[in-house]
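Load the model in your viewer and keep the selection panel open. The stops below are meant to be taken in order.

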Amino acid sequence: MLEGLMTTLKSMFEKPVTIQYPEQKRPVRARFKGRHVLKRYENGLEKCIGCALCAAACPADAIFVESAENTDEERYSPGERYASTYEINMLRCIFCGFCEDACPTEAIVLGDNYELSFTSRAESIYTKDMLLEPVPPGGQPTPQRTPAGVFTRSVPEMKDPTD
Ligand code: SF4
Ligand code: SF4
């Protein structure tokens, strides 16, 4: 009994381990898979080219992609097409990361945001506007007017294909 009481006494002076969420947030692990983010290039163009490979790879059928044609007057992404609609149903998503692995342009990334509360089925559909990251400093919002013949490649050239 004395041994037990000593344990209680000792723990009274230890630092509490409780995290005061939401004021205080615990940092996530390096490989944590949280809410998806649609990435942009430094100039603000969207990395997503609307190819729907992520939707094909998704085992939960959670992604819906519709694509449209880019023009040099109204360009959203490099190459021919961009995602005019991009939606993820968060009620279906199992956060496996297959979409991230399948993407040829590294456009869809599972980030570190884990605050995904919603109160209706409609709110569980995350749209492109919700997923697209903000324009980086020095970049331009999309659509952009771009010079002809510059952004012809949908997938960026790899410096070292063995990477
Ligand atoms: S993380 Fe997995 S389940 Fe969720 S959208 Fe991506 S592929 Fe589908
Ligand atoms: S996120 Fe990647 S895989 Fe999905 S449609 Fe866009 S470019 Fe294709």
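Select ligand 2 and the residues around it. In this predicted model, the shell around ligand 2 holds 12 nonpolar and 2 polar residues, and no charged ones. The shell counts 14 residues, of which Cys 48, Cys 51, Cys 54, Cys 103 and Ile 108 come nearest to ligand 2. Show those side chains before moving on.

Next, select ligand 1. Which residues are closest to ligand 1? They are Cys 58, Cys 93, Cys 96, Phe 98 and Cys 99, out of 13 residues that surround ligand 1. By class, this shell divides into 12 nonpolar residues, 1 polar residue and no charged residue.

Now go to Phe 95, in the loop that runs between strand S3 (81-89) and helix H3 (98-102). Check its backbone torsions: Phe 95 has a positive phi, about 55°, although it is not a glycine. Is Phe 95 buried, exposed or partly exposed? There are 17 other C-beta atoms within 10 Å of its own, so Phe 95 is partly exposed; the buried class would need 20 or more, and the exposed class 12 or fewer.

Asp 61 is the next selection. Look for it in the loop between helix H2 (53-57) and strand S2 (63-69). Asp 61 is not a glycine either, yet its phi is positive, at about 50°. Asp 61 counts as exposed because it has 10 other C-beta atoms within 10 Å, and the limit for that class is 12 or fewer.

Then turn to the cis peptide bonds. Select Tyr 21 and Pro 22, and display the bond that joins them: this peptide bond is cis, with omega about 10°. Where does Pro 22 sit? It is found in the loop between helix H1 (2-11) and strand S1 (36-38). With 7 other C-beta atoms within 10 Å, Pro 22 is exposed.

For the last stop, select Thr 142 and Pro 143. The peptide bond from Thr 142 to Pro 143 is cis, and its omega is near 0°.

Conventions
Residues numbered from 1 in each chain as written. Chains lettered and ligands numbered in written order. Predicted model: local features only at pLDDT ≥ 70, side-chain atom pairs only at ≥ 80, totals over all residues. Near = placed C-beta within 6 Å. Nonpolar A, V, L, I, M, F, W, Y, C, P; charged D, E, K, R; others polar. Helix = DSSP H or I, 4+ residues; strand = E, 2+ residues; numbered from the N terminus.
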